[in-house]
Amino acid sequence: MFRCLLFFSLLVHSSLAQKSSGGSGTPSKKWQTLNGDEPLVIARGGFSGIFPDSSEFAVDMAMTSSMGDVVLYCDLQLTKDGIGICQPDARLDNTTNIAMVFPKGEKTYKVNGQDLKGWFAVDYTSDELFNNVTLVQNVLSRPSLFDGVMSIQAVDDILGRKTYDGFYNEHKHSPATYVQKVVRYYPLDYLSSPEIGFLKAVQGKVNKAKTKLIFRFLATEAVEPSTNQTYGSILKDLESIKSFASGILVPKEYIFPVGTNNYLEAPTSLVADAHKQGLEVYASGFANDYPASFNYSYDPTSEYLQFIDNSEFSVDGVLTDFPPTASETIGKALIITHNGASGNYPGCTDLAYQQAIDDGADIIDCSVQMSKDGVAFCLDSADLSGDTTAMPTLMSRSTVIPEIQQNSGIFSFDLTWSEIQSLKPQLVSPFGSDAAFQRDPANKNKGKFVTLSEFLELAKSKAVSGVLINIENAAYLASKKGLDIVDAVSKALSNATFDKQSTQQVLIQSDDSSVLSQFKNVSTYKRVLTIEDKISDAPKQPVEEIKKYADAVTVTRPSIMPISNSFLLSNTSVIDEMHAANISVYVSVLRNEFISLAFDYFADPILELATYVAGFGVDGVITEYPATANKYMRSPCFDLNAKQAILPVQPGSLMGIIEGAEPPAEAPAPVLEVSDIVDPPLPPVAANVTANSPPAPAPDAKHSSALKEVANFGLSLAAIAALGLQF
């Protein structure tokens with residue numbers, strides 16, 4: 001819902017941004033804020049990054065262009081006749097044309113202990129201001145097109161907060177009394193001030209159960225007038241603040257200091273310390289067009305993520321001049337690649353990764369494999385026979401390794417890196433050899449293989465939001481091949497300094513809990529447990545076990561919505577159960593080819609995205625086509641409250657059109673158990689591993705899962721034909 005800090009517009013605008021939980025009733029992600037709710041987006045003067053602060057256009061645009069729960073921030077100033085107006089400063093000459101209208105009106109007053117010269121609201125009646133003075137943009141680099149078009153807004157138009165209590169008391173106006181009058185007509189949600197005396201004065205005049213009092217910190221060396229202490233010294237006594245406020249609003253540098261070289265320094269403990277005292281923490285100073293730290297590479301979403309989703313803490317809200325950017329950052333699911341843009345280029349090649357970055361992926365992934373001589377590189381599988389040209393060339397090196405897969409394969413750890421480099425990557429279809437579902441033949445063997453170190457350097461140089469490192473077969477590689485894949489990954493990340501920063505996210509993914517345990521000491525890494533098998537439920541005990549090893553899980557699509565003959569049947573409660581334990585959920589793997597889509601999506605991959613993201617609230621989608629996901633995420637139709645929103649599919653609704661058309665009942669997928677989570681400790685790395693075992697005989701040919709998928713598709717077409725006859 002759209003909210004003002006004095007919340008007058010709830011009844012008018014409450015329908016604009018209510019988040020839909022879709023058909024599942026899925027709860028939203030639990031954040032590391034004080035109460036676990038998502039951070040608030042606080043629009044400073046509306047959309048003041050484009051329009052004059054607190055103008056009608058700024059307020060309207062903040063409402064219509066932002067997603068989710070937006071709070072409107074209005075700085076309260078009082079006129080000569082005691083009427084409240086919204087302006088960012090006690091002086092009006094920087095944000096209005098008042099100096100031109102009243103050229104002799106300049107005065108000097110002492111405000112919070114400082115002499116300020118200018119034109120002050122307290123010297124003019126509301127009629128003089130409303131009828132003669134217009135607003136202008138107060139940041140010169142921003143558009144001046146809207147200057148002189150709109151008049152000053154009264155608090156009855158935008159209700160606000162920051163006040164200079166002492167200054168107005170000297171002029172026989174009491175902001176505390178004014179606020180007391182306002183709350184008789186408008187429910188008051190938030191009220192803040194940089195003056196302790198003001199907050200203490202209004203404590204008994206507002207309902208603290210409904211109104212949160214927020215103490216606003218100014219610069220550390222500035223003096224708070226009520227106590228004559230600097231704000232820096234007050235910060236050291238958070239416990240005393242709790243006696244008169246429920247939260248604090250601080251400049252963002254209080255949390256993440258920026259050095260003189262314009263790089264981020266280590267975060268302070270302010271958020272954690274304040275949360276321990278039961279205080280909410282709001283950060284101010286966000287704007288897309290203010291030069292920020294080099295760490296963010298001029299990407300404002302990276303800066304927001306640093307404050308709200310850094311694996312250590314989350315502020316409770318951000319005060320920004322550009323509310324749409326902040327709201328999109330908070331409400332947007334991560335776009336995570338599956339072997340880069342592997343729908344367009346051979347997976348895990350330089351071209352696939354570059355395409356994924358160009359397509360707007362948030363997280364690029366590397367499934368780490370090891371060569372015989374210990375080189376860590378990126379490829380979907382240790383078996384080279386599918387993703388490379390190894391099969392015709394190295395058929396004699398084919399072996400069977402039951403610990404890894406049932407079918408024979410040509411494995412990377414049996415070849416040196418130079419041998420692997422002699423091969424070519426191969427773009428293969430996950431749907432078998434049917435020519436109708438082949439991927440771009442022009443790109444079939446394009447690109448080159450990428451080592452893990454090269455992958456990490458690419459991620460750093462392109463400033464993607466993060467990387468996902470997938471680790472499999474660690475126990476086998478250590479005990480049978482003498483290869484320490486965990487150590488190889490740890491060293492590569494450290495050499496690339498990913499363990500010494502928190503700007504770019506690092507996700508460590510594995511199906512082995514013991515592997516994830518090896519990375520628990522790097523607090524900035526987010527650990528992701530892969531649940532490969534289809535499950536129907538995630539009871540509390542195994543979910544609690546997951547929390548010991550991981551911050552997130554990757555699940556298959558049927559674990560969220562069971563499917564039969566390409567029809568969606570229903571939905572599970574897996575996302576609800578994971579989110580209740582503050583575990584993020586990523587769904588895998590999304591593809592564009594209509595053969596991979598349930599009929600419920602009408603052969604439209606955007607509908608599938610809308611169902612998982614907007615309908616069920618997944619925290620990330622793992623996709624081979626990041627461009628499609630990015631188009632959806634950036635579309636105005638992404639917001640369910642938009643006039644032309646892309647609505648999620650209701651699972652089971654298409655099948656339910658015809659009574660009795662449901663398929664025969666199938667045995668439900670198994671329930672997740674603790675034994676599915678906990679793996680034995682990793683074995684020590686074997687020494688002196690030399691020759692490979694002799695090749696085992698290849699097993700009888702079996703139908704691949706891809707062929708089964710094609711077969712199921714054919715059966716589904718037959719089912720549709722039967723339904724047509726029934727109609």
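**Reading burial and contacts**

Mentor: Let us start with one residue of this predicted model. Lys 252 is buried, because its relative accessible area is 10%, and the cut-off for buried is under 20%.

Trainee: Where does Lys 252 lie in the chain?

Mentor: Lys 252 belongs to the loop that joins strand 12 (247-251) to helix 10 (270-276).

Trainee: Which residues does Lys 252 touch, leaving aside those up to four places away in sequence?

Mentor: They are Ala 283, Ser 284, Gly 285, Phe 286, Glu 303 and Phe 307. As for Tyr 282, 30 residues from Lys 252 along the chain, the two C-alpha atoms are separated by 8.6 Å.

Trainee: Is Thr 96 buried or exposed?

Mentor: Thr 96 is buried, since its relative accessible area of 4% falls under 20%. Thr 96 sits in the loop between strand 5 (84-86) and helix 3 (98-101).

Trainee: What does the side chain of Thr 96 reach at 2.7 Å?

Mentor: That side chain reaches the backbone oxygen of Leu 92. Beyond four places in sequence, Thr 96 touches several residues, among them Val 133 and Ile 152.

Trainee: Which residues of helix 18 (residues 474-481) are buried?

Mentor: Ala 474, Tyr 476, Leu 477, Ala 478 and Lys 481 are buried. These buried residues pack against strand 16 (363-370), strand 18 (466-471), helix 19 (485-495) and helix 20 (513-517).

Trainee: What follows helix 18?

Mentor: Gly 482 follows, with a positive phi near 65°.

How values were computed. Residues are numbered from 1 along each chain as its sequence is written. This is a predicted model: local features need pLDDT of at least 70, side-chain atom pairs count only at pLDDT 80 or more; totals for chains, interfaces and linings use all residues. Side-chain values use heavy atoms; hydrogens and water are left out. Helices (H or I, at least four residues) and strands (E, at least two) are DSSP runs, numbered from the N terminus. Buried means under 20% relative accessible area, exposed over 50%, partly exposed in between (1.4 Å probe, protein chains only). Contact means heavy atoms within 4.5 Å. A polar contact is a pair of N or O atoms within 3.5 Å; within protein, one must be able to donate a hydrogen and the other to accept it, and residues adjacent in sequence count only if both atoms are side-chain atoms.
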